[in-house]
Amino acid sequence: MASVGVFAGLIVVVTILSKSHADRNVYPSAGVLFVHVLEREYFKGEFPPYPKAGDSSNDPITFNTNLKGYPDRPGWLRYIQRTSHSDGVLYGSPTAEHVGKPTIIEITAYNKRTFETARHNLVINIMSTEEFPLPYQAEFFIKNINVEEMLASEVLGDFLGAVKNVWQPERLNAINITSALDRGGRVPLPINDLKEGVYVMVGADVQFSSCLREVETPQNQLRCSQEMEPVISCDKKFRAQFHIDWCKISLVDITKVVPVHSNRPDLGTGVLPDIGEYNPPSESLKSRDYFADFLITLAVPSAVALVLFIILGYSLCCRREGVIQLVHHSSIQKSTKELRSMSKNREISWPLSTLPVFHPVSGEVVPPIHPDNYETTSMPLMQTQTNLQSQIQIPQQQSSGDNYCMSTFRRLEVNGIPEERKVAEALNL
C-alpha cells in the first residue's frame, strides 16, 4: 500500500512493503489532500497461490473499508475501485476538527477466486499545520479525466505545476478532489472515450492572478450564459493535458467570507447504551383461548344484524306506513298483469300496402284460417309449409281454351286479424 500527501507543490509518496498484520500508521495534514492506495499486489500474498504459475495477478480482489466499530467510513474519507482487477484508493481532505484524533480504518480484502478474506487496519493520525487554511482557494472542473486518474501522483503533480505557473504562489496545496458524479453529474455514454470529469480544489497564499479572473469579465460571463467557451489567455497552458471548463471555475477568498455560527446539538458517540443481553422467548408457548375472539368476530356482528332485521320487519308489517307500501306494491303487480293480458287482445289496423293481392281471374278473397279469438302470442313470425293447416284451391285460366286448372292460394292472418276484415276496412276508407 502507498500513501500520498500533496502539499506546498511537492508530492511525497510513502510505500509500505511489510506483509505483517500490524496496524499501519499514516500522518496526513489537516486541509491537505490525503491519498492512500490499496495495492492488490500487497494483499495478494495473503491468499494461496494461483494454480497456474505466473497468473497470480489475475485474482479478482475487491476491498471493503469502514471506520472501526462502524459500518461506514468517516464523512471526509472517500473510496473508489473501478474493477476487481484494479487498485482501490482512499482519498479525502481532513479538517481541523479531526486533529489529534486517531482514525482507525478497517480494510478487508476479498479474493473472488478462493472466497478468502484478509483484514488490516490503517491508523490515520491527522496532524495540524500552520498554513491551514490557505486564504485563497480555486476549484477547477476538468472534463477529460476521471477521479481515479487524477488521484495518480504523476497526473496530480502535472496539474499543480500548471496551476503554479499561472498563479505564481509561494505555497500551493491540493485541498480536495471530488468526482463529478458526486456533484450530480451523469454517467457519460461509453463512446469516444468520454470521461466523468473531476473537481479539483487548490489553495494558495497570494491573490488570484489576472488570468484566473478573466472569467469574471462581462464578455466571458455572457459567453458562459450562452453555453459558449470563454476566452481565457492562459488556457493554452492546460490544454495539452487538461480540458478545463472555465465557466465552472470557483474563486473563493475565505478572508472575506462571513462566518456563520450555529449552535449544533451534541450528537453523542452514536453507540447505544448497554442494556444487557437479549433474552429470547421460551420455546414452549402458552395455549391461548380464542372463544373471546370468536364472540367479537362473529357473534357480535350476527346479533347486530338480527336486531336490524327485526326492526325492519316491524316497520314493514306492523306499522301503517309499512302496510301502505306493501299494498301499493301489490296493486302495481296487479296492474302490470292486467296490462299484459289486454295487450294480447289488441287489434291494430294495418296499412293498405300490407293487404294481400286479389287473384286476377276469380277475384276471390281467402277465407280465415283461424277464428277471431285465436291466440297469436305463440304464432311463429315465419310460417313454413307445416304451418299451413288448410289451403284453398282457386281456378286459374289457361292461355288458350275454356279449360281451367286449380291453383292454391295461401290464407294469411296477422296479429289474429283475418284478411277479410282487412279488406273490409280498406273498402270502407
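Let me start with C247, which at 32% relative accessibility counts as partly exposed, because that class covers what falls between the 20% limit for buried and the 50% limit for exposed. Please keep in mind throughout that this is a predicted model.

C247 forms a disulfide with C224, and the two sulfur atoms sit 2.1 Å apart. The torsion about that S-S bond is -90°, and the link of C224 and C247 is left-handed. As for where the two ends lie, C224 belongs to helix α4 while C247 is in the loop between α5 and β13 (250-253), so the pair ties together parts that are 23 residues apart in sequence.

The count of disulfides comes to 2, and the other one joins C211 to C234, with an S to S distance of 1.4 Å. Here the torsion about the S-S bond is about -80°, so this disulfide is left-handed. It links distant parts of the chain, with C211 in the loop between β12 (198-204) and α4 (218-225) and C234 in the loop between α4 and α5 (236-239), 23 residues apart. C211 and C234 are both buried. If we count the bonded cysteines along the protein chain, the disulfides follow the pattern 1-3, 2-4.

Which side chain does the side chain of H120 meet in a polar contact? The partner is the side chain of R24, at 3.0 Å. H120 itself lies in strand β9, which spans residues 116-124, and with a relative accessible area of 1% H120 is buried, because the limit for that class is under 20%.

Terms used:
Residues are numbered from 1 along each chain as its sequence is written. This is a predicted model: local features need pLDDT of at least 70, side-chain atom pairs count only at pLDDT 80 or more; totals for chains, interfaces and linings use all residues. Side-chain values use heavy atoms; hydrogens and water are left out. Helices (H or I, at least four residues) and strands (E, at least two) are DSSP runs, numbered from the N terminus. Buried means under 20% relative accessible area, exposed over 50%, partly exposed in between (1.4 Å probe, protein chains only). A polar contact is a pair of N or O atoms within 3.5 Å; within protein, one must be able to donate a hydrogen and the other to accept it, and residues adjacent in sequence count only if both atoms are side-chain atoms. A disulfide is a pair of cysteine sulfur atoms within 2.5 Å.
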